[in-house]
Amino acid sequence: MKLQAGKYLIDLDRPQVMGILNVTPDSFSDGGCFLNVDDALRQAATMIDEGADLIDVGGESTRPGARETPLQEELDRIMPVIEGITTRFDVPVSIDTSKPEVMRFAVGAGASMINDIFALRLEGAIDAAVEARVAVCLMHMKGSPQNMQEAPVYERLPADIIDFLAERVQSCLSAGIGRDRLVVDPGFGFGKNDDHNLEILAKLNQFAELGLPLLVGLSRKRTLGNLSGKTAEHRMAAGVAAAIIAVEKGANIVRTHDVAETVDALKVLGAVNGFG
Ligand code: 9MG
C-alpha cells in the first residue's frame with residue numbers, strides 16, 4: 001500500500017515511524033521542551049537521525065482538559081518550525097491541527113500531511129484539505145479534548161469507531177480528496193478509558209475492513225502509565241511494546257516520542273516478518 005503525501009509517495013509495506021514534535025507549553029509528555037525554534041529543529045534533526053520517516057508538528061496541546069489555543073498563537077509556534085524543517089531536511093512533515101487556517105499556512109510552508117484529531121469536522125476543514133492536496137489522517141475522538149474523558153461509553157468496540165471513520169472517509173471522498181491520500185486512526189486515549197484502549201488494540205486488525213492505511217498513537221499515553229505504574233517520561237518500553245503489537249495487527253504508521261527505540265524494535269519485527 002502507498003500513501004501520497006504532497007511530493008512524497010510513502011511505501012507502507014514497511015511500517016513508518018512518525019516522530020512527535022510538540023511546540024507547545026502544555027503537552028502531557030514533552031510540553032515546554034521545544035518552544036524555542038532552535039530546540040525544535042534540533043529535536044527534528046535528532047528524530048530524523050534516529051530513523052523517523054515523518055515528523056508531526058503540533059502547536060496546540062490535545063491532552064485531556066487542554067485549553068484551546070488562539071489561531072495566531074498556534075501559527076506563531078508552528079510556522080518557523082515547519083519552514084525550518086522543510087528547508088533543511090528531506091522528510092515529510094505532518095501538521096497536527098484542526099484549524100483550517102493553520103492547515104493552509106502549514107501546507108504553504110511545505111507540510112505534506114494534515115493530522116486532524118477532529119477528522120476534518122470543524123467548519124471549513126474539509127475545504128482546506130481539498131485545496132491543500134496533501135495526505136490527511138482522520139482520527140476518531142469522542143467529544144473534544146475539553147470533555148472527552150468524562151465517562152465515555154460505546155455500544156460496540158471497535159465497530160462504533162470503524163463506523164465513524166467510514167463516514168468521515170466517505171465525506172472526504174465526496175468532497176474530492178483522493179483515497180490514496182487518506183489515513184485512518186482509532187484515536188487511542190481520545191474519549192476512551194483503559195479498557196476501551198486495550199479492547200481496540202486487541203481488535204485492531206478489524207480496521208483493515210476500511211481498506212486504508214492505519215496510524216496509531218499510544219506513545220506515553222495514560223493507559224500505558226496505568227499498566228506500568230510509570231510517569232510519562234518512563235513509559236518508553238511500554239510504548240514500544242504497544243507499537244509492536246499494533247504493527248503486528250496491521251498498523252502502518254506509528255506516532256511516537258521515542259523514535260530510536262521504536263525503529264530498533266521494528267527492525268527486529270521486520271527481520272522476523274520479512275519487511276525491510
Ligand atoms: C495529536 N495526537 C495525539 N495523539 C494522537 C494519536 O493517537 N493519533 C493522531 N493521529 N494524532 C494524535
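**View 1. Lining of the largest pocket.** The lining residues of the largest pocket comprise 11 nonpolar, 14 polar and 11 charged ones. Here Ala, Val, Leu, Ile, Met, Phe, Trp, Tyr, Cys and Pro count as nonpolar, Asp, Glu, Lys and Arg as charged, and the others, Gly among them, as polar. Welcome to a predicted model, in which local features need pLDDT of at least 70 and side-chain atom pairs count only at pLDDT 80 or more, while totals for chains, interfaces and linings use all residues. Residues are numbered from 1 along each chain as its sequence is written, and side-chain values use heavy atoms, with hydrogens and water left out.

**View 2. Centre of the largest pocket.** This pocket has a volume of about 570 Å³. Among its 36 lining residues, F28, P64, F188, F190 and K221 are the closest to the centre. (On a 1 Å grid over the protein atoms alone, a pocket is an open set of points where a 1.4 Å probe fits, with protein on both sides within 12 Å along at least five of seven lines; lining residues have an atom within 4 Å of a point. Grid points are joined across faces, edges and corners, and a volume is the space filled by probe spheres set on the points.)

**View 3. Strand β9.** With three residues, β9 gives the most to the lining of the largest pocket. Strands are DSSP runs (E, at least two residues), numbered from the N terminus. β9 pairs with β10 (residues 253–256) in the parallel sense over three bridges; pairing takes at least two DSSP bridges. V216 has V254 in β10 as its bridge partner.

Note on methods
Helix = DSSP H or I, 4+ residues; strand = E, 2+ residues; numbered from the N terminus.
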